[in-house]
Amino acid sequence: MANGNTFTISILVENYAGVLSQITRLFSRRGYNIQSIAADTIERPDETRITIIADGDLEAAQQILFQLRKQISVISAKLLNPADAIQRSMVIVKVDGDTKEKRDEIIQISNIFRANIIDISLDCLTVSVTGAPDKIEAFIRLMTPFGILELVRSGIVTIERGKLTIHSED
Amino acid sequence: MKLTGAQIVMECLLEQDVEVVFGYPGGTILNLYDALYDYRDKITHILTAHEQGASHAADGYARATGKVGVCFSTSGPGATNLVTGVATAYMDSSPVVFITCNVASNLIGRDSFQEIDITGVTMPVTKSNYQVRDVTKLADVIREAFAVASSGRPGPVLIDIMKDVTALTADYEFIPKANHAKDSHMARLLQRKTNIIAYPEPDREAIRTVAAWLRASERPMFLVGGGVVSSGAAPSMRRIVELVNAPAAATILGQGVFRYDDPMFTGPIGMHGTKLSNLAFVEADLIIAVGTRFTDRVALNPGKFRDRKKIVHIDIDASEINKNVRVDLGIVGDAGRALEMLIEALGSDFEKKSNWVAPLLPETRKSAYRHESNLLKPDEILRALHERTGDNAIIVTDVGQHQMWTALHFKFSRPRQFITSAGFGTMGFGLGAAMGAKVGCPDVPVIEITGDGCFRMNLNELSTVEYYDIPVITIIFNNGTLGMVRQWQTLLYKSRYSETTLDRGPDFVKTAEAFGVAGYRASDLEGFRAALDAALKSGKAAVIDCIIDMDEKVVPMVPGGKHLNDFLID
């Protein structure tokens, strides 16, 4: 749910052309700013799960939740409390590694983070890390002094702990 | 049986008992019009002068009859010309199904001639919209569209069909509307989207709470909106107001829920509400708002709006609860059902409230802002109109001063009698909407009240009313200015009349005559009565150009951001 000034909302939609833009446009025209979005199909290929993290307090979160539920495409929409939910995202970072010392240090840090070295050459390394958002932030912070050449993030996905699902009552 | 997509559209309209379609043909929608040719005995098509006129006509038809209005248009500019009409219907929750055709699927996305992404364009102003790329899904989409438009909180829906889909064939089976809920596609939808196409049962516990609050309240008041009209809940609303003996104010779309002479009805509320409605609202200790959404024209200052009172909000749309104003209790459900439950919860031993609002009744005095002139007075015209039409006529307006005068001074007596663009404030709405209302209610006089600015926007539809002999009587409150904007300029912009004076043509009498419609000019009350009598007697469309003073004002007025009792003029 609302955590400080952001909230996390999980949305299950019917997967047809234009549905993602329908959802994101609803956020923008109601004055919401999306910080993170992740979307992909689920075990049923005609359904897509979208996780959105947006700016706003609890009141704002509840308003957009009701607006979302009005969309025909929306099968289910739920505010998630970060304390009761698992959050994961992935980052791939391309880091400058033009000396052996730098490369060694990057590999050391990567090992601590259980990151994967995906690609290596004599002047740079490409590393991916998966984890909770704060772990990702910490990893990016540690890579910054080496010189980040490029960075790409997956967006945050969430799922509730225990047996609760997006279909369970709030 | 195998039918083309275009034939499936016609059959699906018949499933819905659609008798009339307003529209305008064009290249991509040719197949639909070709099929319509075979169905012309069953479906009447009204060819308007402009797609915008068709969109407002379908909307006016829906508002007057409570049925779903239907509008056809071709792709590209035909489709974009609908957009104002779609938005108008959306803001006032009016059930209209718009059907557009798009370029063929092999031309989509290539900036083809008259191509537009109309589902993208209308996404923010439709309850739902659809692009049909598969003829086998066409019938399901149309059935769904009508269900979505007409149920729950009503609203416009747009279906965009690619041209090739209208020519391809598919198996079609006629399913009467009564059996739609059992059809597999609709059954699944109904199960999944109960919140928007069904009527959630109001929470019984919450209803009991409201009953308790009503018993304890000293100064309860009802605030009634358009939802009460679309729910058909006016009889319940009248009953509960009488039972509680509480004052009731209505938003613009709530006019007609109460008879004008209902002793507890205080009139419109908000920026141009009556003094009594606005003062009573401020004094009330409990507000029960039904089917209304606290727009910025009513909740002028959302912060002060809640001062020293409890607010209960009953609405079919859960997203309206706490959207504009934080309320103490929200109840999601159909207005009529919720009110019946509330009446039951109040029980037979409910003690009527004393009439707490009577002492607030302001003394009748002449407003200092009452403009002196020898010309016709807006309220005089409206009184004279009511004298002639009684409770019978449907009154359709455009937007501006004449609209607010009509809301304040015309004596409405039943729901669906007042048709106006309240939420979107669409100038140019009136003539098209009046045309649609008259087509839907041919036995009732339909009067369009407009201003010279509004009328000039879409008067092209005079050709439609003349051709189809749709006897709409247009009364122009002609003050030679954009009166409402001028009023703001006078009061808030130091009388700097920037681009509001309409010291120009056309001559509306001659214009009407050029369209083959009788034109009258009235500069005094006698002249107006004579013109109105002649127009009503003729049974034909007519235009009555009433000359009024450009400095007449809508009184009272509370500017935006102020509290309801903070009148700028009264």
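Trainee: Into which domains is chain B divided?
Mentor: Keep in mind that this is a predicted model. Going along chain B, residues 2–197 make up domain 1 and residues 204–360 make up domain 2. The remaining one, at 378–547, is domain 3.

Trainee: What area is buried between domain 2 of chain B and domain 3 of chain B?
Mentor: Their C-alpha centres lie 31 Å apart, and 19 residues of domain 2 of chain B are in contact with 18 residues of domain 3 of chain B. Carbon and sulfur atoms give 70% of the buried area. The total comes to about 1500 Å².

Trainee: Which three residues supply more than any other three of the area that domain 2 of chain B buries against domain 3 of chain B?
Mentor: Between them they account for 41% of what domain 2 of chain B buries there. The names to look up are B:Ile252, B:Tyr260 and B:His272.

Trainee: Which side chains meet in a salt bridge between domain 2 of chain B and domain 3 of chain B?
Mentor: The count there is 1 salt bridge, next to 3 residue pairs in polar contact.

Trainee: How do the residues on the side of domain 2 of chain B that touches domain 3 of chain B divide by class?
Mentor: Two helices, α12 (226–230) and α13 (234–244) of chain B, each supply at least two residues of that side. By class, the residues on that side are 9 nonpolar, 6 polar and 4 charged.

Trainee: On to chain A. What area is buried between domain 1 of chain A and domain 2 of chain A?
Mentor: Domain 1 covers 6–80 and domain 2 covers 86–157, with C-alpha centres 29 Å apart. The contact takes 6 residues from domain 1 of chain A and 5 from domain 2 of chain A. Carbon and sulfur atoms give 56% of the buried area, which is about 370 Å².

Trainee: Which element gives the most to the side of domain 1 of chain A that touches domain 2 of chain A?
Mentor: Between these domains the count is 0 salt bridges and 1 residue pair in polar contact. Both β2 (34–41) and β3 (47–55) of chain A supply at least two residues of the domain 1 side. The one giving the most, with 3 residues, is β2(A).

Trainee: And between the chains, what is the area buried between chain A and chain B?
Mentor: Here 19 residues of chain A are in contact with 22 residues of chain B. A:Arg25, A:Lys70 and A:Ile72 supply 38% of the area that chain A buries, more than any other three residues. Carbon and sulfur atoms give 47% of the total, which is about 1700 Å².

Trainee: Which residue of chain A forms a salt bridge with B:Arg192?
Mentor: The interface of chain A and chain B has 4 salt bridges and 9 residue pairs in polar contact. In the bridge of B:Arg192, the closest N and O atoms are 3.2 Å apart, and the partner is A:Glu14.

Trainee: Which element gives the most to the side of chain A that touches chain B?
Mentor: Two or more residues come from each of α1 (19–29), α2 (58–70) and β4 (74–80) of chain A. By class, that side has 5 nonpolar, 7 polar and 7 charged residues. The element giving the most, with 6 residues, is α2(A).

Methods:
Residues numbered from 1 in each chain as written. Chains lettered and ligands numbered in written order. Predicted model: local features only at pLDDT ≥ 70, side-chain atom pairs only at ≥ 80, totals over all residues. Heavy atoms only, no water. Domains from an automatic or database assignment. Contact = heavy atoms within 4.5 Å. Buried area = accessible area lost by both parts, 1.4 Å probe. Polar contact = N/O pair within 3.5 Å; in protein donor to acceptor, adjacent residues only side chain to side chain. Helix = DSSP H or I, 4+ residues; strand = E, 2+ residues; numbered from the N terminus. Nonpolar A, V, L, I, M, F, W, Y, C, P; charged D, E, K, R; others polar.
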